[in-house]
Amino acid sequence: MIENLIQRLLSTHKFPGGVHPPQHKAESISVGSVKTEIPARLILPLHQHIGEPAEPIVAVGDKVLKGQRIAKANGYVSAAIHAPTSGTVSDISDYPIPHPSGLNAPCIVIETDGEDKWGERLAVQDWKKLDASALRNIIRDAGIVGLGGAGFPSFIKLNPGASKQIDTLILNGVECEPYITCDDFIMRERSGEIMLGITIMRHALNAKECIITVEENKPEAFQAMTMMAKETSGVKVMSVPTIYPHGSEKQLVQAVTGKEVPANGLTTQIGIVCHNVATAAAVYRAVYQGEPLISRYVTVTGSGVKQAKNIRALMGTPMSELIKQCDGEPASLSRVIMGGPMMGYAMQTDQVPVIKTTNCIIACTAEDVVSEPAVMPCIRCGACAEVCPVSLLPQQLYWHAKSRDHDKAQEFNLFDCIECGCCSYVCPSKIPLVQYYRHAKGEIWADEREKALADIARGRHEFRQTRIEREAAEKAERHRKKKEALAASKKKAAAITATDGKTAAENSGNKNTAIDDAIAKAKAKRLQQGHAHEKAAPENTAGKNKTETSDS
Amino acid sequence: MLSAILALSALALAFGLILGFAAVYFKVEGDPLVEQIDSLLPQTQCGQCTFPGCKPYATAIAAGEADINQCPPGGEATIQALADLLGVEPKELNPENGEESVKAVAIINEETCIGCTRCIQACPVDAILGAAKQMHTVIGPECTGCKLCIEPCPVVDCITMVPIEADISEWNWPFPTGDVALAKLAQNSEPVTEPAKQSA
């Protein structure tokens, strides 16, 4: 305790800004975590992570076993998906998924058989013999993504590149968002697994030291981790002050090491890698037990449930099932939120499944969702700038985002915004600032996509134009050559006729007499009919002229 | 007097030479304004602006022969961007050129396609694949939605324009309308369950 106090006094590092929203963590820590009941149906979205959606490798009607891979990673930044229990694939089509858009997306649906029968498991006990690349492959095949909320494939974060030396692995057990206690519980209950996971991660990264960070409001978790860390050299447990958003990667790095991550950069650039504590436990299970990522700790809380608690839920479990397991009545809820109140978002239905990034479900009743006072104009109080953990000027960003002046917004470093919501939280005018920034970011990305498409279209159109021109030129060239060839052959023919001039002249003479005869006959006929008397005369002369010219 | 005239003549000659060299060595190929305008146009090559493609329209705008409000696929955003670039007032889209519509791609009904290749010849971006008396198909991602293939098609309802559906990967947060329920929940100073547990 005293040691901790000294450590805190000595540590001068801190990130700027931050807020202290009401914790609301007490509700869900009164009982220990419970294992979920297996629901009748699991809905597994193909897109549960950052990157490309997974690609199904099972068909409707297939029997699957627990832990069996049912969708493979599609490309480098992607993650595989596994069957959380045994059963039958009943459908592969679009279902509602947890996403702020409320849109449906492709999912694999499994009707569970209740047997929970494991498929083949490949446990590696002597992983120390494996090199970093082989370890990363195990972690990739297990479909492990960052369990803190963003869901970035973990094996990529364990691959800093050959040229980069990683000094510090930071384990993130901060969990700064209100209501959420799932990381608290995994640290209390699985500290041993986390520690072994850390050893594997350090081996893969070749990291010298490891710092486990726990916020001050989790003394039990801090205790448990300290007990475990005692036996391992190079691992330090650090208690960090309770302030939101301490759990955000870049802010945590700044607070722990005093180093700032460069704008648009990654923590690896300054020799640091950050992983969530739950990810470490998942890595342990994947390597030691051959268990892919098929379940996770989920905090189910809010006024809509009678007993808030942490559930070790299977991926794909509909949220309504978990709310029922906490004595909540899904039908009476006015809103279900995934994630914390600061960065979470509302679900369009309580039927959406738990996915790899679901850390918390907040069941809200009508009294929670009070209608908001109207948004008032910005009074330039500057409260938002004081709390911004990235030292941005939220007010300026707001003006530019509101007037859709994207260039100006980018000048004010829009893309350094971590969307933590501190500015919206303190705004006395209740302006939904973060929503403006999110919208502006989306618009800029959409513009970039459209620009790329337009460039492709321009390229294709220009290529087509040049092709058409080339074809026309080639055609003209062919024509010219043909003409030349024709002229040459005519010349040849003329030369032949010149040698045999007499016959040619006779022939043409005969021909001309024949034509004259025909014309005369026609003239006579017309005269007989008494038509076009005057017209016939010039025709006659014309005919004569023609004959003359051809004669000459 | 003479020295002044000589000095000025020498200066004139020197600058004349510099300008002459600059004109030859720093010559800009093409009109950069046309390129700039062209880069703002949506490149559908649909011809609704009455010019045969985006580049000719850009050339016409640069020459002052066309107005900036003749591009329906670009719509309001393109008019605004052109107005900003050229320093003129933005105006409403000219209804004579058409209306701004949702983005769509052409789909060929492969059952009814007779393989006449007319749509292939009409497509300005070579996005239709096929050969004479063989079924044709549109390469979806390359289609600009210009509709130029519909008119030459001799079969009724063979080519249709299908609007692009909202995709989850391209979805964007809506422009705020004032709902801040989430911030409200975080700010809610009343504990959600019993106050006794809250203090624990």
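Colleague: Which residues does I180(A) touch, not counting residues up to four places away in sequence?
Modeller: In this predicted model, I180(A) touches K25(A), E175(A), T299(A), G339(A), G340(A), N359(A) and C360(A).

Colleague: And where is I180(A) found?
Modeller: In a loop of chain A, between β9 (168–173) and α4 (182–189).

Colleague: Is I180(A) buried or exposed?
Modeller: Buried, because its relative accessibility is 4% and the cut-off for buried is under 20%.

Colleague: What about E329(A), how far is that from I180(A)?
Modeller: From C-alpha to C-alpha, the two are 20 Å apart in space. In sequence, 149 residues separate I180(A) and E329(A).

Colleague: New topic: α11(A). Which of its residues are buried?
Modeller: Helix α11 covers residues 394–402 of chain A, and its buried residues are P394(A), Q395(A), L397(A), Y398(A), H400(A) and A401(A).

Colleague: What do those pack against?
Modeller: Against four helices of chain A: α10 (383–387), α12 (406–411), α13 (422–426) and α14 (433–499).

Colleague: And what follows α11(A)?
Modeller: R404(A) does, and its phi is positive, near 55°.

Colleague: Zooming out, how many helices and strands does chain A have?
Modeller: There are 16 helices and 17 strands in chain A.

Colleague: What is the radius of gyration of chain A?
Modeller: Chain A has 39 Å, whereas a compact globule of 552 residues would have a value near 24 Å. The C-alpha trace spans about 130 × 65 × 55 Å along its principal axes.

Colleague: How much of chain A counts as buried, then?
Modeller: Of its 552 residues, 48% do. The accessible surface of the chain is about 26600 Å², and carbon and sulfur atoms hold 55% of that.

Colleague: What share of the contacts comes from residues 24 or more positions apart?
Modeller: For chain A it is 72%, counted among contacts with a separation of 6 or more.

Colleague: And the charges: how many positive and negative side chains?
Modeller: Chain A has 66 positive and 63 negative ones, with the centres of the two sets 8 Å apart.

Key
Residues numbered from 1 in each chain as written. Chains lettered and ligands numbered in written order. Predicted model: local features only at pLDDT ≥ 70, side-chain atom pairs only at ≥ 80, totals over all residues. Heavy atoms only, no water. Helix = DSSP H or I, 4+ residues; strand = E, 2+ residues; numbered from the N terminus. Rg over C-alpha atoms; globule rule 2.2 N^0.38 Å. Buried < 20%, exposed > 50% of the residue type's maximum accessible area, 1.4 Å probe, protein only. Contact = heavy atoms within 4.5 Å. Areas by Shrake-Rupley, 256 points an atom, 1.4 Å probe, with all protein chains shown as cover. Lys, Arg positive; Asp, Glu negative; His and termini not counted. Charge placed at Lys NZ, Arg CZ, Asp CG, Glu CD.
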